[in-house]
Amino acid sequence: MPKSLRLFILLVFISFTSSFSQTEDNPWSVSLGTSMLDVYPTGLNENSPFGKQGALFESFFNIKDHWNIGGPNLSASRFIGYGFSLGVKFSFNTIDKVEGSPEIKYAYYNADGFLKWSPLKTIIKPFLSGGY
């Protein structure tokens, strides 16, 4: 197994948070994770003004050269009833790996609002999440 793939799997497990069901008795959920950004340009045509583009998902697992792994993300949500939760998520990172631009360093901040729906009342509760 390549070293970069092992690192990626390790980061996924580290950033995976355990969660507990949100109910009327336990309405709040707070999680802390890792912010990971891949800004390798893909999927655009050859005549793109953005320069050389790769095929869709080309070098997706090239963590060393393409992924910006950095700051934390923090999310909080509150159960509002009927399986729905409303929440916010904040992420912080530094973008310093962009294909073709070796001397780049941008601060990255992100804020999301989301609505989460968990329709099942079982031990394992999958959910749908959407936000803007």
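User: Is Leu86 buried, partly exposed or exposed in this predicted model?
Analyst: Residues are numbered from 1 along each chain as its sequence is written. Because the model is predicted, local features need pLDDT of at least 70 and side-chain atom pairs pLDDT 80 or more, while totals for chains, interfaces and linings use all residues, and side-chain values use heavy atoms, without hydrogens and water. Buried means under 20% relative accessible area, exposed over 50%, and partly exposed in between (1.4 Å probe, protein chains only). With a relative accessible area of 48%, Leu86 is partly exposed.

User: How are the rings of Phe84 and Trp117 arranged as an aromatic pair?
Analyst: Rings of Phe, Tyr and Trp (its six-membered ring) pair if their centres lie within 6.5 Å, and planes under 30 degrees apart count as stacked, over 60 as edge-to-face and the rest as tilted. A search of the whole structure finds two such pairs. For Phe84 and Trp117, the centres are 6.2 Å apart and the planes 25 degrees, so the pair is stacked.

User: How many residues apart in sequence are Phe92 and Tyr109?
Analyst: Phe92 and Tyr109 form an edge-to-face pair, 6.1 Å centre to centre with 80 degrees between the planes. Strands are DSSP runs (E, at least two residues; helices are H or I, at least four), numbered from the N terminus. Phe92 lies in strand S3 and Tyr109 in strand S4, so the pair ties together parts whose separation in sequence is 17 residues.
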